[in-house]
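Good morning, everyone. Please have a look at the structure on the screen while I talk.

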Amino acid sequence: LTRLVFVSAALMCGTTLSASAVNSLEGFEQQHMARNLNLRGKQYRAHSTNTILSTAPNAADYVNLIGWGFDTDVFKSYPPSRNYPLNGTRMMTDLYNRGARHLRLRSRADIYGYSTSTYDSTSMNTYLNALEVVVSDMVNARLFPIVSWIHAKAESNALPSDGNNYVDWWRRVAVRMRDYDYALAFNLFTEIGDGNLRDAAIYNNWTTRAISAIRATGGRNADRVLIIGAPGKDANSLSDIDPAIYEGKTNLVAEWHLYASGPNKQGGQKNWVGDGSPSDRANVDNVMDEAHLFTATTHVPTWIGAWMPYDNIDGSLEQSEVEAFGCYFASAASKRGIPWAMNKLDNFYDIGTYQWIPTATIGRGTNPVTLDMDRVLRNCTECGKKRKMLSISSIIGRRRNHAAIATS
């Protein structure tokens, strides 16, 4: 009966479903049923009924289209339905109406596919089945899906076998998703931590092989936008990427990020107090300039894959400081034409009630802070609206002034 309901719904919508697609729908539904949710009336589609991009965009157009969005945790736990609402289309529509244009689907390969060094087809199929549903819901709401890979153990101790598994994971994702809308992009790394994957030789090898494997799957993957990661997470490591990876390519974007857990009051790169001291603001400008100059010299646009305007660890910034930092950061990114993803959706939107979260207690220490999250988000998005682009000459001039001050 379940199979007939799905197939009938698809036929009424003019969609032809393969047997594997029908199974993917049923599999994700069954996960929801395990949570004792009533699914009556729910109609998932294996392929979206809307089209965002029917032809392949170049990377520069892609980053202009994705605007701002959120990082998500749908695929950071098992099963995916733990972090996905019963009515995904409703949530995606809410996000679009608020102004979001993309979601980063952070995906743990150490849960899905490679929890050990041996491939696990059951967990991978669970992931791929759910991924089809989420991507379809997103495209139907005109949101851009960006899939990213996580495997903490492989990142910290990158063995040759891990590299093989990484490439295989991406190949399997690419095969399943090769005919999906060009709005879908693959972000090859979510974040490279402190392990040996930061080694340029290892990073470049994995990246080169993953790109080749994805392209070889054909379909829309032949010219789909792929997003390579900064080898050291921050923008100043973008220069470690082997030019052979991106030279002559017009469909590659580079991801980098800083302030993924927000600013703090501990001094150093992430420090922010009050409205931001000249040094605090220079820290933001400098990292943005690194990314902008990388684009100017390589023609590879960049995207900030994760940031927070609040101190997620200690809760050390008050509301006014959070808004001051958020405005400065979003404005600085806009002036350089860099889109961004806010970390993370769960702090702003309640998937259980389909409501935007009005206030939240932020900080994991003994003195957390309660923030007006609606104001936080509204402030960032307003300040991040398109602003006059900074010229390369002005950026170079400011960097020279900063260097002179630092050495005086």
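Let me start with a term. If the near helix is turned clockwise from the far one by less than a right angle, the crossing is right-handed. Anticlockwise makes it left-handed. Keep that in mind. One more point before we go on: this is a predicted model.

Now, the helix pairs. Two packed helices are described by the angle between their axes and the distance between the axes.

Take helix 7, residues 160–177, and helix 8, residues 200–216. Their axes come within 9 Å and cross at roughly 25°. Angles under 35 degrees count as roughly parallel, so helix 7 is roughly parallel to helix 8. And which hand does the crossing of helix 7 and helix 8 have? It is right-handed. Who makes the contact? On helix 7, the list includes Asp162, Tyr166, Trp170 and Arg171. On helix 8, Trp206, Arg209 and Ile214 are among the residues taking part. By class, this contact has 8 nonpolar, 2 polar and 3 charged residues.

Next pair. Helix 11 covers residues 319–335, and helix 12 covers residues 373–383. Here the axes come within 7 Å, and the crossing angle is roughly 25°. That makes helix 11 roughly parallel to helix 12. This crossing is right-handed. From helix 11, Gln319, Val322, Glu323, Gly326, Cys327, Ala330 and Ser331 take part. They meet Arg375, Val376, Asn379, Cys380 and Cys383 of helix 12. The classes here are 6 nonpolar, 4 polar and 2 charged.

On to the rings. How many aromatic pairs does the structure hold? There are 30. I will show you two.

One is Trp307 with Phe325. The ring centres are 6.2 Å apart, and the planes are at 55°, a tilted pair. Trp307 sits in strand 7, residues 302–307, and Phe325 sits in helix 11. They are 18 residues apart, and the pair links distant parts of the chain. Buried or exposed, Trp307 and Phe325? Both are buried.

The other is Tyr310 with Phe348. Their ring centres are 6.3 Å apart and their planes are at 50°, so this pair is tilted. Tyr310 lies in the loop between strand 7 and helix 11. Phe348 lies in the loop between strand 8 and strand 9. So the pair ties together parts that are 38 residues apart in sequence. Tyr310 and Phe348 are both buried.

That's it from me. Thank you.

Technical notes: Residues are numbered from 1 along each chain as its sequence is written. This is a predicted model: local features need pLDDT of at least 70, side-chain atom pairs count only at pLDDT 80 or more; totals for chains, interfaces and linings use all residues. Side-chain values use heavy atoms; hydrogens and water are left out. Axes are lines fitted to C-alpha atoms, for helices over the stretch in contact, and angles run from 0 to 180 degrees between N-to-C directions. Helices (H or I, at least four residues) and strands (E, at least two) are DSSP runs, numbered from the N terminus. Angles under 35 degrees count as roughly parallel, over 145 as roughly antiparallel, 65 to 115 as roughly perpendicular and the rest as oblique. Contact means heavy atoms within 4.5 Å. Ala, Val, Leu, Ile, Met, Phe, Trp, Tyr, Cys and Pro count as nonpolar, Asp, Glu, Lys and Arg as charged, and the others, Gly among them, as polar. Rings of Phe, Tyr and Trp (its six-membered ring) pair if their centres lie within 6.5 Å; planes under 30 degrees apart count as stacked, over 60 as edge-to-face and the rest as tilted. Buried means under 20% relative accessible area, exposed over 50%, partly exposed in between (1.4 Å probe, protein chains only).
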